[in-house]
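Reader: Before I rely on the labels attached to a structure, I would like to hear what stands behind each of them. Could we go through them one at a time?

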Amino acid sequence: MTCSTTMIPFHDLDFIDHVPTVREVEDRLKKHLRKLRKESQDAAHEAGLITEDDLKMSFEMLEEVDRTRIRRRAVTYRDRLQASTGMSHLSEENRTRLTALRGGLPVARVATEHEADEIAAALHAEMPWMGRATEEVWHGLRASARDGLAGVRFTPLVLNGPAGIGKSYWARRLAHHLAVPTVKFDATNEPASFALTGSQRGWGSAHAGKLVTTVLEHRHAGPLVIVDEVEKADEVYSTKGSRHTLTDALLPLMERMTATTWQCPYFQVAFDMSWVNWIMTANSRQGLPEPFQSRCVVLDLSDLTIAQLRDFALAEGTRRSLPEAAIAALIGVFDHGAISNTRLSLRTVARMLDRADTLANQPMLH
């Protein structure tokens with residue numbers, strides 16, 4: 001399923017094919033001034049106001065005061081032209097990186113409510129136990145189509161539940177059906193917000209975050225961000241003692257009004273991140289500040305039943321085109337009660353499917 005796209009500006013930058021150097025501007029101004037003075041000299045000579053002895057050569061027509069004035073004007077012109085691009089503070093390398101934004105960027109668009117229904121139905125068919133999450137997204141997609149929005153939007157979700165029920169997998173399947181890139185971020189393994197949003201000068205190593213990097217690499221303004229175990233993100237303190245947390249950094253990005261002009265810490269440029277959608281996973285509500293929860297829909301999800309795992313194994317085995325014998329053997333494990341007393345997760349079933357896939361496709365021995 002492929003969604004249509006709409007181009008949005010995404011930024012207020014002005015890309016100029018060539019910003020001349022000060023030397024290039026100086027040369028043009030000097031050439032122009034010499035031309036004007038030669039024309040004036042020729043006219044005066046023709047009118048008899050000056051003699052042959054009064055005529056000056058081209059290199060004599062500019063005095064030191066002229067060169068100083070031209071230099072000053074050339075610097076002013078170059079600086080103003082660079083400032084008009086919105087990138088004068090950036091290095092040549094970073095200006096080149098931002099050329100991916102030239103002409104704007106696309107966002108995924110759901111044109112009709114019927115298309116929203118199809119996406120939700122496909123997602124629900126794959127993972128029916130995630131129905132509450134699918135329903136929340138479905139309402140957002142239908143509203144986006146009904147209101148004629150340029151892209152798709154839904155309220156940020158926090159999927160709170162036990163590990164191994166497919167929260168992240170469901171988010172990746174949603175990105176697949178929306179045909180948008182994903183930003184996968186593990187809050188437990190990375191330093192607070194900086195890996196996601198980037199850091200600026202004053203920190204050990206300034207860098208662009210995963211969010212902006214994904215936008216630039218995929219040239220898409222509406223990726224789906226998947227933040228795993230958001231409640232476990234650590235706090236980070238700068239050398240000046242200021243405190244930074246992941247949830248604090250997410251607040252302006254999850255609020256549509258502030259996300260429209262979100263300031264990238266690394267590039268120091270305002271980007272329209274209002275078309276980015278957010279799926280967070282958690283194992284507990286503890287660690288989620290109230291201001292953060294107020295901007296999300298937090299869904300408390302239950303563990304999977306054996307029947308749900310069996311249905312997933314059947315559907316996923318079919319989707320992978322496993323041989324009927326392999327699927328039957330796998331389903332038999334569930335039907336015969338061999339694992340009824342075992343705490344299974346979606347990850348376990350996925351490994352079982354991987355193993356079945358490997359065995360089904362291994363070469364025959366002679």
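Author: Let us begin with valine 212, which counts as buried because its relative accessibility is 3%, and buried means under 20%. Please keep in mind throughout that this is a predicted model.

Reader: Where is valine 212 found, and which residues is valine 212 in contact with, leaving aside its neighbours within four places in sequence?

Author: Valine 212 belongs to helix H8, which covers residues 210-218. With those neighbours left aside, its contacts are Trp262, Cys264, Phe267, Phe271 and Met273, where contact means heavy atoms within 4.5 Å. A separation given between C-alpha atoms is another kind of value: for valine 212 and leucine 196, which are 16 residues apart along the chain, it is 8.3 Å.

Reader: What makes a set of residues a nonpolar core, and how many residues has the largest one?

Author: The residues must be buried, must belong to a list of kinds that includes Leu, Phe, Met and Trp, and must be joined through side-chain atoms within 4.5 Å. The largest such core has 47 residues, and those with the most contacts inside it are Leu98, Leu101, Phe267, Phe271, Met273, Trp278 and Phe292. Among the elements that each supply at least two residues of this core are strand E2 (105-109), helix H7 (194-197), H8 and helix H9 (246-254), and H9 gives the largest share, 5 residues. Apart from this core lies another, of 44 residues, among them Ala133, Leu309, Leu346 and Ala356.

Reader: Which residues does leucine 101 touch, not counting residues up to four places away in sequence?

Author: Leucine 101 touches Phe10, His11, Leu13, Phe15, Val215, Leu216 and Phe271.

Reader: Why is helix H1 called oblique to H2?

Author: Helix H1 (residues 22-46) and helix H2 (residues 64-85) pack at an angle of about 135°, with their axes 9 Å apart. That angle makes H1 oblique to H2, because over 145 degrees would count as roughly antiparallel, and 65 to 115 as roughly perpendicular. H1 passes H2 in a right-handed crossing, and the residues making the contact include Val22, Val25 and Leu29 of H1 and Ile70, Ala74 and Tyr77 of H2.

Reader: At what angle do helix H13 and helix H14 pack, and is their crossing left-handed or right-handed?

Author: Helix H13 (residues 324-335) and helix H14 (residues 346-361) pack at about 145°, with their axes 10 Å apart, and their crossing is right-handed. Leu330, Val333 and Phe334 of H13 meet Val349, Met352 and Leu353 of H14.

Methods
Residues are numbered from 1 along each chain as its sequence is written. This is a predicted model: local features need pLDDT of at least 70, side-chain atom pairs count only at pLDDT 80 or more; totals for chains, interfaces and linings use all residues. Side-chain values use heavy atoms; hydrogens and water are left out. Helices (H or I, at least four residues) and strands (E, at least two) are DSSP runs, numbered from the N terminus. Buried means under 20% relative accessible area, exposed over 50%, partly exposed in between (1.4 Å probe, protein chains only). Axes are lines fitted to C-alpha atoms, for helices over the stretch in contact, and angles run from 0 to 180 degrees between N-to-C directions. Angles under 35 degrees count as roughly parallel, over 145 as roughly antiparallel, 65 to 115 as roughly perpendicular and the rest as oblique. A crossing is left-handed if the near helix is turned anticlockwise from the far one by less than a right angle, and right-handed if clockwise.
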